[in-house]
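Me: Could you walk me through the labels on this model? I would like to see the value behind each one.

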Amino acid sequence: MLDNKKIKKMIKKINALDFCYATENINTMYPDVLLYVFTKEYNLNYFSNISKVIVYIKVYISLVCTQEHALFVSFHETDMHEKYLFRKN
């Protein structure tokens, strides 16, 4: 389980080199918002076992009130690397 402190650290470690692509958002509540996809490898503690996990990260920013924005971030374990946009392969 990820606590808020760990999630904040994970978000802060994301950088432009981790960016893979942007796409249309399939969330029907926010259809006009672009979805940004990143992948990053993290060392995560799972029941006292530290293991490297490739995490697929989806981010989008949405206008929630007339002048306020919200940042939505979701983390998903994946076993494959996406193609990075700003890294040499």
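Reply: Gladly; here are the labels, each set against its definition.

This is a predicted model, in which local features need pLDDT of at least 70, side-chain atom pairs count only at pLDDT 80 or more, and totals for chains, interfaces and linings use all residues. Residues are numbered from 1 along each chain as its sequence is written, and side-chain values use heavy atoms, with hydrogens and water left out.

Me: What makes up the secondary structure of the chain?

Reply: There are 1 helix and 4 strands, running α-β-β-β-β from the N terminus. Helices (H or I, at least four residues) and strands (E, at least two) are DSSP runs, numbered from the N terminus.

Me: Why is Phe-19 called buried?

Reply: Its relative accessibility is 12%. Buried means under 20% relative accessible area, exposed over 50%, and partly exposed in between, with a 1.4 Å probe and protein chains only. Phe-19 therefore counts as buried.

Me: How do you know whether Ser-48 is buried or exposed?

Reply: Ser-48 has a relative accessible area of 68%, which is over 50%, so it is exposed. Ser-48 sits in the loop between strand 2 and strand 3. Its phi is near 70°, a positive value in a residue other than glycine.

Me: Why does Leu-17 count as partly exposed?

Reply: Its 44% relative accessibility falls between the 20% and 50% limits, so Leu-17 is partly exposed. Leu-17 lies in the loop between helix 1 (4-13) and strand 1 (19-24). Setting aside neighbours within four places in sequence, Leu-17 is in contact with Tyr-84, Phe-86 and Arg-87.

Me: What makes a set of residues a nonpolar core?

Reply: A nonpolar core is a set of buried Ala, Val, Leu, Ile, Met, Phe, Trp, Tyr and Cys residues joined through side-chain atoms within 4.5 Å. The largest one here has 10 residues, among them Met-10, Phe-19, Tyr-42 and Val-59. Strand 2 (34-46) and strand 3 (49-63) each supply at least two residues of this core, and strand 3 gives the most, with 4 residues. A second, separate core of 8 residues includes Tyr-30, Val-33, Val-37 and Tyr-56.

Me: How many aromatic pairs are there, and what makes one of them tilted?

Reply: The count comes to 4 aromatic pairs. Rings of Phe, Tyr and Trp (its six-membered ring) pair if their centres lie within 6.5 Å; planes under 30 degrees apart count as stacked, over 60 as edge-to-face and the rest as tilted. Phe-19 and Tyr-36 are 6.4 Å apart centre to centre with 50° between the planes, so they form a tilted pair. Phe-19 lies in strand 1 and Tyr-36 in strand 2, so this pair ties together parts that are 17 residues apart in sequence.

Me: Why is the pair of Tyr-60 and Phe-72 called stacked?

Reply: The ring centres of Tyr-60 and Phe-72 lie 4.8 Å apart and their planes meet at 15°, so the pair is stacked. Tyr-60 is buried, with a relative accessible area of 10%, whereas Phe-72 is partly exposed, at 26%.

Methods:
Contact = heavy atoms within 4.5 Å.
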